[in-house]
Amino acid sequence: MQLSWMLVVGMGATIALIIGIGVWSGRRVQSAADFSSGGGKAGAWIVCGAIMGTLVSGQATIGTAQLAFSFGMSAWWFTLGSGIGCLILALGYAAPFRRSGCTTLLQIVSQEYGPKAETFGSIFCSIGIFISVVAQVISATALLTTIFPLSYLAAALISILLMAFYVIFGGVWGAGMGGVAKLVLLYATSIVGGILVYGLAGGFGSLMETLETLLASSPLGGLSDLSGVESVHQRFLSLVARGPSKDIGSALSLVLGVLSTQTYAQAIWSGKSDSAARKGALLSALLIPPIGVACILIGLYMRGHCITADEVSALQAMGQAVPTGLMQIGSSAQVFPVFVTTYMPQLLGGVVLGTLFITVVGGGSGLALGMASILVTDLFARKSARVRESHRNLRVTRGTILVILLAAVVVALSVPGAMINDFGFLSMGLRGAVVFLPMCGGLWWKGKIPSRYAMASILAGPIAVLVGSFLPLPFDPLFLGMAVCLVILTVGLAAGRSKTPATPAT
């Protein structure tokens, strides 16, 4: 596409604003505690910004529009599940997390079951978070290659460079303050996008009529097994269009993922009080789901007006005519950015693209911060006393973030056409299978479950999720992983606590 200078100015100014906030916030960071948890000084809005700055990311925006392009309303589960997870985090877990005296979720597990449980949990949790970091890199790369004539590699490297700047200087303060600014811009973007879709389509009824006309009576609908108006309605207006077990499993993945992810717990620990932490999580629960609705509307509108390069190739291979009057896009991951560049005024579109990009950047950087905190606190510091020194810990954490982001580029380059939200659901489910039930045992069932059963759960649960994701199961693999964990821990609970207590974490 030919770039407008107004679009570039709007995008550049927005990115510079958020990056500037991240760098400025770095002046508050004097120690590892300031970096990882804001020194426990954050108010409700900073807590909310830190949660949403990571949770409302490429998966919640670009990924939701992409999924809505193919499956309609069922794409809402990422933001709806995120909101439910934040609600439960606020009401059930914020105060217990803070009372635990820990700085990572795996330390809660370690206090109850010993350092080996923490070590293995840290490894599997880090794998789960890393999968989500890869999703952010894919989202950012899709956005940049839509706007600029960049190679996939160049776009990916630019993406992680900005992710590094966003979080390395400010840690939780950078994620939190940047998250608040991003929240304001993102809501403005969502409102404008929703209003624009409504006006362009002539109302939701007309939007659905366009889909019916295109998909119910053309070869394009045949590619998705859509053979009539009723099948179009069933696909695009159903919350379980991909199947109840898959979509409900996806929602459960989000809920458990929010409760089991270091990044969101870190935001809770950054609060200056239990009340501030709880209010920050409640604000997130209220504000996240509506963003998904706006992204779904954009995805539905673009489904009625676009065709992907893969769809064109498939129709031609079948000897079918390609429907006329449709805009061709490279992939469904480009649905949101192409909508912005095509239908929005250029300066406003630049601001929106800048907001989208920094949304993805903030998500990737916040996840990388959470993963680095787990690795440094739960693994590296246990092996080296030097890493436990405050300023050395800070340097090691920042270096670890850079390594994580570079590794994410390598993986993203190997799967450039992947469905973004599939990565998100797998990532959240994996984290939940590792941490959730053992963590609950450490918070509420102290002394009830022998350490060996907790270890078995931490090892078997995520392995079951990973294996299940490659099998033709009639349900989400998260159910398999959680069932395995529940059976193991239930057996452990029945067996009773072993006489030899777990070795305390150091």
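1. Helix α13 crosses helix α20 in a left-handed way (left-handed if the near helix is turned anticlockwise from the far one by less than a right angle, right-handed if clockwise). The two helices, residues 244-259 for α13 and 420-444 for α20, pack at about 55° with axes 7 Å apart. That makes α13 oblique to α20; angles under 35 degrees count as roughly parallel, over 145 as roughly antiparallel, 65 to 115 as roughly perpendicular and the rest as oblique. Axes are lines fitted to C-alpha atoms, for helices over the stretch in contact, with angles from 0 to 180 degrees between N-to-C directions.

2. A word on provenance: this is a predicted model, where local features need pLDDT of at least 70, side-chain atom pairs count only at pLDDT 80 or more, and totals for chains, interfaces and linings use all residues. Residues are numbered from 1 along each chain as its sequence is written, and side-chain values use heavy atoms, leaving out hydrogens and water.

3. Who touches whom at the crossing of α13 with α20? On the α13 side, the contact (heavy atoms within 4.5 Å) includes Ser250, Ser253, Leu254 and Gly257, and on the α20 side Phe425, Met428, Gly432 and Phe436 are among the residues. The contact residues split into eight nonpolar, five polar and no charged (nonpolar: Ala, Val, Leu, Ile, Met, Phe, Trp, Tyr, Cys and Pro; charged: Asp, Glu, Lys and Arg; polar: the others, Gly among them).

4. Now the rings. There are seven aromatic pairs in the structure; rings of Phe, Tyr and Trp (its six-membered ring) pair if their centres lie within 6.5 Å, with planes under 30 degrees apart stacked, over 60 edge-to-face and the rest tilted. Tyr93 and Phe436 make a tilted pair, 6.2 Å centre to centre and 50° between the planes. Tyr93 sits in helix α5 (residues 77-99) and Phe436 in α20, so the pair ties together parts 343 residues apart in sequence.

5. Tyr93 is buried at 8% relative accessible area, and Phe436 also counts as buried, at 13% (buried is under 20%, exposed over 50%, partly exposed in between; 1.4 Å probe, protein chains only). Tyr93 also pairs with Trp444: centres 5.1 Å apart and planes at 70°, so edge-to-face. Trp444 is partly exposed, at 42%.

6. Ring pairs join Tyr93, Phe97, Trp269, Phe436 and Trp444 into a cluster.

7. Overall, the protein has 22 helices and two strands (DSSP runs numbered from the N terminus: helices are H or I, at least four residues, and strands E, at least two). Of its 506 residues, 59% count as buried.
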